[in-house]
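Work through the exercises below with the model open. Try each task before reading its solution.

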Amino acid sequence: MSILVLPSVTANLYNLSNSYTYSKSKTNNDQNLRRDTEIISLLQQNRKNLKHVESIHGKAIKKGTEQDPFVVFDLVRLYCKLNIDHATKLFHCTHNPNVYLYTSLIDGFVSFGSYSAAIALYAQMGHKNVFPDSYVVTSVLKACLLQRALGFGREVHAQVLKSGLGLDRSIALKFIELYGKCGELEDARKVFDKIPERDVVAHTVMMASYFDHGMVEEAIGVFDGLKTQDTVCWTAMIHGLVRNGELNRALEMFREMQVKGVEPNEVTFVCVLSACSQLGALELGRWIHIYMHKCNVKFNQIVAGALINMYSRCGDIDEAQLLFDDMKVKDVSSYNSMICGLALHGMSIEAIELFREMLKQGIRPNSITFVGVLNACSHGGLVELAFEIFQSMETLYGIKPDIEHHGCMVDILGRVGRLEEAYNFIDRIGAQNVDDKMLCSLLSACKIHGNSEVGERVAKRLSECSSRMDSGSYMMLSNFYASLGRWNFAAEFREKMEKGGILKEPGCSSIEVNNVIHEFLAGDLRHHERRSIYRKLEELNYLTKLEGYSPATEVALHDIDDKQKELALAVHSERLAISYGLISTEPHTTLRVVKNLRICDDCHAMIKLVAKITSRKIVVRDRNRFHHFENGHCSCKDYW
């Protein structure tokens, strides 16, 4: 990776490497300078006010002690926190700055995001013959890490090995992080293996590097190599598994952590609640909520937000609302969790009212807030209000809309059938603000509203994004052309997908029964109660047809006859999950199902009748939102 540094960086690094042979005493003569205790005392008392620090600096100049190394050091450190330009100017006015000043200013540059400047300053040390120590090396490696400056990091690595600093533990950990973040896992592992005493921290850093690149088994191998695993290490393991979609393994790891007697902290619980949220494991989430009380976990805003998110994403929006109402102090994150939860459940008016309450409380919304409230407008078909809120982002709050916000607006227009307007909106915002998900959303709307003219324009545009398309985009194109009966085009996109090695994401539905998550694929035969499940499904097919259900074979987008299409629809994963729920839970209890894809029109129509026939409330969370089926109706009012 190239970095913007001084042209002489490499030469200065060479000088720096050679300067190791010089005596440290040659670098500075700080001990010959007197220490101005009065100025230092004043600086310690006035650390947060820039004007006061400037005034004390002026006093030091008048006293002639502005070159006192202790005064300069304190001033540079304070200016690095208050005004980086002041720190830089003072540094360059200092006679023979020592390694501590270099470290302070490099840290300052890093904290202000000026990573290239930090790297360039480190390189200058070689020209000034300043001998680096482990602290300044660690500081510049932070800059390399954040800049992803792998090449420069390698040069620093060579220098520290020559100097004898290479075995320093803090430096070694930074090199593992740097190589890990830059994808050089073999180099990261070599550094890890050479650390004489690999403790929990070293193992945790190495695990995180593997997890960052989806190398789950390698991370587990590092974890298993630890003799003693503390709370931080267990938490890092659970967090890494959650990030990589290994949700059930994360929960198993949490159970094993309890068996081993390692007490979880609030971060552990936040990670576990995230796994529950994604799986829809409500009962397990409830148990964890109770267990948190037993562990005396402090219910701060982060923990409360994780609980609100868990309850809302697991289908219990009422419990989420109670938790939110009980919070004594609410910040923007708390409001975001609740607004997004309400939007997910189609409670558009409630989400918008909460947004307005937030503004009245003087809490400034952020980018996430607007995603939540725009989604609420989309689910409620509130087009004009959505445009009003969208325009206020930049005019009132200085937040520039990004791809996600633009995507919400396209979704809103598409849902209400204003397809030409949505297409023109995409044209106006520019290619850099358009992604394949946005185009898929509009193409889906064209299919639903039967507008093939706009749909073909969108399909052409989407097919031009082939380098960025995932399986969902290919399937959307294939399904769109199949819905028009143009089977050759549909087959062409499936073929492209196969040639590109892109696997179709299989439809998967899960249901929690007695704290166990049961997963089903379409036509699944793996479950130990499959015979009872399919008997119940046959019974439901018979009863729903008596209620007027007729399979919508047009949504089975394959070039096969209607009988085959009907059979394909009958074994969709959500139907299997619901059938299992009906045979394994008490009558009249609510069934909660999570599906990874959008629920199809045919299943939506059937589940409404199943809820009516069985006198059950059935809650289904698909990729887009929650559907609350009850008494033959759905909360989305057939608008999703």
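The exercises cover confidence, a helix, aromatic pairs, charges over rings and strands.

**Ground rules.** This is a predicted model, in which local features need pLDDT of at least 70, side-chain atom pairs count only at pLDDT 80 or more, and totals for chains, interfaces and linings use all residues. Residues are numbered from 1 along each chain as its sequence is written, and side-chain values use heavy atoms, with hydrogens and water left out.

**Exercise 1.** State the average pLDDT of the chain and find where pLDDT stays under 50.

Solution. pLDDT is the predictor's confidence in each residue, from 0 to 100. The chain average is 86. At least 70 is reached by 90% of the residues. Residues 1-33 stay under 50. For residues 1-33 the model has 59 contacts beyond four places in sequence; contact means heavy atoms within 4.5 Å.

**Exercise 2.** Decide whether helix α12 is enclosed or open, and name what its buried residues pack against.

Solution. Helices (H or I, at least four residues) and strands (E, at least two) are DSSP runs, numbered from the N terminus. Next, burial: buried means under 20% relative accessible area, exposed over 50%, partly exposed in between (1.4 Å probe, protein chains only). Ten of the 13 residues of α12 are buried, so the helix is largely enclosed by the rest of the structure. Among them are H203, M206, Y210 and F211. The packing partners are α10 (169-181), α11 (185-194), α13 (216-224) and α14.

Now step to α14 (residues 231-243), which holds T235. T235 is buried at 7% relative accessible area. Beyond four places in sequence, T235 contacts N265, V267, T268 and C271.

**Exercise 3.** Classify the ring pairs F254–F269 and F520–Y580.

Solution. Rings of Phe, Tyr and Trp (its six-membered ring) pair if their centres lie within 6.5 Å; planes under 30 degrees apart count as stacked, over 60 as edge-to-face and the rest as tilted. The structure holds 15 aromatic pairs. For F254 and F269, the centres are 6.0 Å apart and the planes at 70°, so this pair is edge-to-face. F254 sits in α15 (residues 247-259) and F269 in α16 (residues 266-279), so the pair ties together parts 15 residues apart in sequence. Both F254 and F269 are buried.

F520 and Y580 are 6.0 Å apart centre to centre, with 45° between planes: tilted. F520 is in strand β2 (residues 516-521) and Y580 in helix α32 (residues 573-584), 60 residues apart. Relative accessibility is 2% for F520 and 5% for Y580; F520 is buried, and Y580 is buried.

**Exercise 4.** Find the rings that lie under the charged ends of K330 and R461.

Solution. The criterion: NZ of Lys or CZ of Arg within 6 Å of the ring centre and within 35 degrees of the ring normal. K330 sits over F324, 4.8 Å from the ring centre. R461 sits over Y423, at 5.7 Å.

**Exercise 5.** Identify the strands that pair with β1.

Solution. Two strands pair if DSSP finds at least two bridges between them. β1 and β2 are antiparallel over six bridges. V513 has V516 as its bridge partner in β2. Two residues separate the strands of this hairpin, and N514 takes a positive phi near 55°. β3 (residues 591-595) joins β1 through three bridges, also antiparallel. There, I511 stands opposite V593. Finally, check cover: six of the six residues of β1 (residues 508-513) are buried.
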